[in-house]
Amino acid sequence: MLSREEFARRLEEELPDVADSVPHRWQELGDVVVIRLFDERAWAYRREVGRILREVTGARSVVALRRVSGTFREPVGEVVAGDRNAETVHRELGIRFKLDPTRVMFARGNLEERRRLLESDLEGKLVFDMFAGIGYFTLPAALAGAEVIAAELNPVACRYLVENARLNGVEGRVRVFLGDCREVARFVRAADRVLMGYLKGTLKFLPYACRAVRDGGVLVVHEVFQKRWGEDRVAREVLNALPDGFEGEVLEVRRVKSFSPALDHYAVELRVRRR
Ligand code: SAM
């Protein structure tokens, strides 16, 4: 908190022309800090902003992001102060996540979802993580005792996923597949739980999740929905998107975080059965 005030003061003092375009928040990932400079003017001053932020936080490297793009939600940005190598190990809930924030994203807002998985009893359960990234959900699930089949399309994220499984001592419980989860779903049979941590389009993957889950197993669907909708409508939208031959019972609808002024990110848990 104090460093935030100090950062704001230094910006006003040293960069008065752009101070109001620079956010006063940043993300701390291991010994690296990541600041979003989505405003063009702020981006133009990224090195000066980075220098101040590094002095205020004592970070080893400062990464500035210009935007986040595409299916992979890939960061577009660079190191603007400190060590050029931004690869770091971020610790959260006792889990180690190795990543390079100039190459892969780390969503802070899903912390409660990760905690929930870590605290579940998944001993001996089979979990299929369809959008595994660097292991955001795969690692807590494996640490909670599950056998995890993890699919990830982006080779950079996939490499970190393999390394992170090893770093957390769960490489024996995690099988990683570099590829499209729709292909991987063909040979997953009878998963107890399928994690669908995509966003903006998750529902179109439901037929593949249903193919992989056991009768009576659980899907955890992450998706963004209109803020004005409320939980009942969100639950209905997910149930209506189930493929023919399946019926669902919604167990829980959780609002994970605000995604944009109009959209909220939800996690919907549902039990599915074959008709
Ligand atoms: N669960 C993560 C979290 O908590 O932040 C979200 C991961 S990110 C939003 C989605 C990931 O899915 C990306 O790493 C992307 O590369 C991967 N992805 C996208 N389409 C995919 C597909 N068809 N098969 C497998 N992975 C995919």
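The radius of gyration used here is taken over C-alpha atoms, and the globule rule is 2.2 Å times the number of residues to the power 0.38. For 275 residues that rule gives a compact globule near 19 Å; the protein chain has 20 Å, which agrees. This is a predicted model: local features need pLDDT of at least 70, side-chain atom pairs count only at pLDDT 80 or more, and totals for chains, interfaces and linings use all residues. Residues are numbered from 1 along each chain as its sequence is written.

**Overall fold**
- The C-alpha trace of the protein chain spans about 65 × 45 × 30 Å along its principal axes.
- The protein chain holds nine helices and 13 strands (DSSP runs numbered from the N terminus: helices are H or I of at least four residues, strands E of at least two).
- Buried residues make up 41% of the 275 (buried means 20 or more other C-beta atoms within 10 Å of a residue's own, exposed 12 or fewer, partly exposed in between, with C-beta atoms placed from the backbone).
- Of the contacts in the protein chain with a separation of 6 or more, 58% join residues 24 or more positions apart (contact means C-beta atoms, placed from the backbone, within 7 Å).

**Ligand shell**
- The ligand is surrounded by 19 residues, and the closest are Ala107, Phe131, Tyr136, Asn154 and Gly197 (the C-beta atom, placed from the backbone, must lie within 6 Å).
- The shell splits into 11 nonpolar, five polar and three charged residues (Ala, Val, Leu, Ile, Met, Phe, Trp, Tyr, Cys and Pro are nonpolar; Asp, Glu, Lys and Arg are charged; the others, Gly among them, are polar).
- Domain 1 (1-86) and domain 2 (106-274) each supply at least three shell residues; the bounds come from an automatic or database domain assignment.

**Helix packing**
- Leucine 11 sits in helix α1 (residues 2-14).
- Leucine 11 is buried because 23 other C-beta atoms lie within 10 Å.
- Not counting residues up to four places away in sequence, leucine 11 touches Ala19, Val22 and Ile52.
- In helix α4 (residues 111-118), the buried residues are Glu113, Arg114 and Leu117.
- They cover an arc of only 100° around the axis, so they lie on the same side of α4 (the arc is that of the directions from the helix axis to the C-beta atoms).
- The buried residues of α4 pack against α5 (138-143), β12 (246-258) and β13 (263-274).

**Positive phi**
- Leucine 93, a residue other than glycine, has a positive phi near 55°.
- Leucine 93 lies in the loop between β5 (88-92) and β6 (95-99).
- Lysine 200, also other than glycine, has a positive phi near 60°.
- Lysine 200 counts as exposed, with 12 C-beta neighbours inside 10 Å.

Note on methods
Two residues are in contact if their C-beta atoms, placed from the backbone, lie within 7 Å.
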